[in-house]
Amino acid sequence: MGEDIMKQWAENWEKLMGDHLEKLVHNEKFISEMSKSIAATMTGKAFYSKALDEQMAAMNLPSRTEIVKILQKLTDIEERLIDLTERFEDYVDAQQAKPAVKAAPAAEKQEAAAPARDAKARKQKK
Amino acid sequence: MIGNMDTLVQHLDAITEHVMRKTAGELDTYPRGVTPREEVYTAGNVSLLRFKSPEGVTGTPLLIIPSLINRWYILDVTEETSFIREFAQQRPTYLIDWGYPDEEVGHLPLSHYYHRSIKRAIRQICREHGIKSVDLLGYCIGGTMAYAFSCLEPDLVDHLVLLTAPIDFKDAGIFATYAEHFPIEEFSASMGKMPGWLLAFSFQFVQPMGVYQKAKMFHDKFESKSFIKLYNAMERWIADPVSFPAKAYYELITDLYKKNLLAQGRLMTAEGRQVDPSARRAKTLILNAGKDHIAPLHTTALPASDKAPVSEVTIPSGHIGITTGRNSKDACRSAIDFLMN
C-alpha cells in the first residue's frame, strides 16, 4: 500500500511539475528575460576577450583571436586547393574524352567512302 | 563566461565518459554507426562515407545529408533501427559526415554546407559511377539543406526524401520563439561557434521533464537487453554534441528562422545565387512525424511556387523517434518504396 501511495504521489508530482515547467518554457516573457540575460553574458564575454587580446598584444604574444584568424585563412587556402583540384580533374576528364570524339568523324568518313570503293571494284572486274 | 564554461564542460565530459566507460562493460565498445563503411573523400572537416552494400546492388546512388546539429549515426545507431543498413541493401549508399566543425570554419556561410559541400559530394559520386544525378535524403536541417540544394542544382537531383525537414519556418513552434528572442548580434560579436553542449542543453530545456521521464523509463525497462542496447546507443549519441559554426548559425537564425527566406524564395547563397523553389524538378517525398516538436507538421510543407511532384507520408512519432522508435520501420519502408519506384 505504501508503494501505491508513493507511486501515486510521484505521478501527481510529475504532472504538476510538468505542467508548470511546460508553461514556463513556453512563456514569451520568460524567454525574453532569459535572452536578455544571455545577451548580457555574451556582451561581457566579448569585452573580456577584447581586453585579453589587448593584454596579449602588449606582451607581444599571439592572442586566441589571431590564432583563429590564421586557422580560418588555412581553411580558405584548403578550400581553394580543393576547387583547383576539382577543376584540374574536370579538365583531365575532358581531355581523355577528346580522342574518342576525334576517332568518330574518321570512322564516319571511311563508312561514307565504302560504296564508292565497291562501285570502283565492280567496274574494274568488268 | 560561456567560453570558459566550454573548457569546464569538456573536462566534465571527459570525467563522465571515463566513469561511464567503466560501468558500460561490453556496450562501451559498441560502434558509433553499425553499418560497415569507408571514407571515400575528405574536404576539410567534411567527409564522404560509402556504406557497404551486398554484391550486385546497383541503381541510382543515394546520398544522405544529416543534420549539422548532431552526429549522423542517429540513422545507424543499432542494427535493429538502422535506416542506413536498409538503404544500403537496396542502393549504393553514401553519407556526408560534417565532422566536428570548430572556429576554424566559423567564417564559412551556410551556403558552404548546403551548396558547395553537397555539390562536391555529388560530383565525387557521379565520377565514381559515371552518372549525372543522384537521389538525396535529408534529415532535419540536413533536409532543409538538401531542399535548398535541389533548388540550386535541379539537374543533379533525381529523387528527394525530406525526413522531418523544416522548410517553412513561419510559426515553427517553440524553437522559432527562442530564435526570435535569441541575441544573435551579441552572439556573432562574441562567439566563434555555437557550442555543442549549449545546443544539446537547449534541446533538453524545451522538454523540461524529459530527463525525469527518461530515468523513469529506464527504471521500468532496464531488465530488457534490447532496451538497454538502444538506450546506451542513444545516450552515447546525445553525449556526442557538435558545435555549429558561427556564421552558418547566424544565417540559420536570421535567414531561415526569423526572415523565413527559403519558403519565400529569397534565400541567397554567399555567391549571390538565388535559391528558387520554382526551379526544382526532383520527385519529392515529405516524410514527417506527427508528434514532432522540433519540425512541426506545417513547417515541412513546401512553398506554393514549388511545382515539382510531391507526395507526403506522416508517421505517428517524434522527431528522433521516426528514426529509432517503434514506427521507424514504417518510415524507412516508405522512403525505400519511394526511391525504388
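Author: Begin with the chain contact: 28 residues of chain B are in contact with 27 residues of chain A, where contact is defined as C-beta atoms, placed from the backbone, within 7 Å. On the chain B side, α1 (2-24), α5 (174-181) and α6 (184-190) each give two or more residues. Helices here are DSSP runs of H or I, at least four residues, and strands are runs of E, at least two, numbered from the N terminus.

This is a predicted model; local features need pLDDT of at least 70, side-chain atom pairs count only at pLDDT 80 or more, and totals for chains, interfaces and linings use all residues. Residues are numbered from 1 along each chain as its sequence is written, with chains lettered from A and ligands numbered from 1 in the order in which they are written.

Reader: What does the secondary structure of chain B come to?

Author: Chain B has 13 helices and 12 strands. Its radius of gyration is 19 Å, close to the 20 Å of the globule rule for 341 residues, so chain B is as compact as a globular protein of that length. The radius is taken over C-alpha atoms, and the rule is 2.2 Å times the number of residues to the power 0.38.

Reader: At what angle do α5(B) and α10(B) cross?

Author: Axes are lines fitted to C-alpha atoms, for helices over the stretch in contact, with angles from 0 to 180 degrees between N-to-C directions. The axes of α5(B) and α10(B) (residues 246-258) cross at roughly 120° and come within 10 Å. The contact is made by B:Ala176, B:Ala179 and B:Glu180 of α5(B) with B:Ile253, B:Tyr257 and B:Lys258 of α10(B).

Technical notes:
Two residues are in contact if their C-beta atoms, placed from the backbone, lie within 7 Å.
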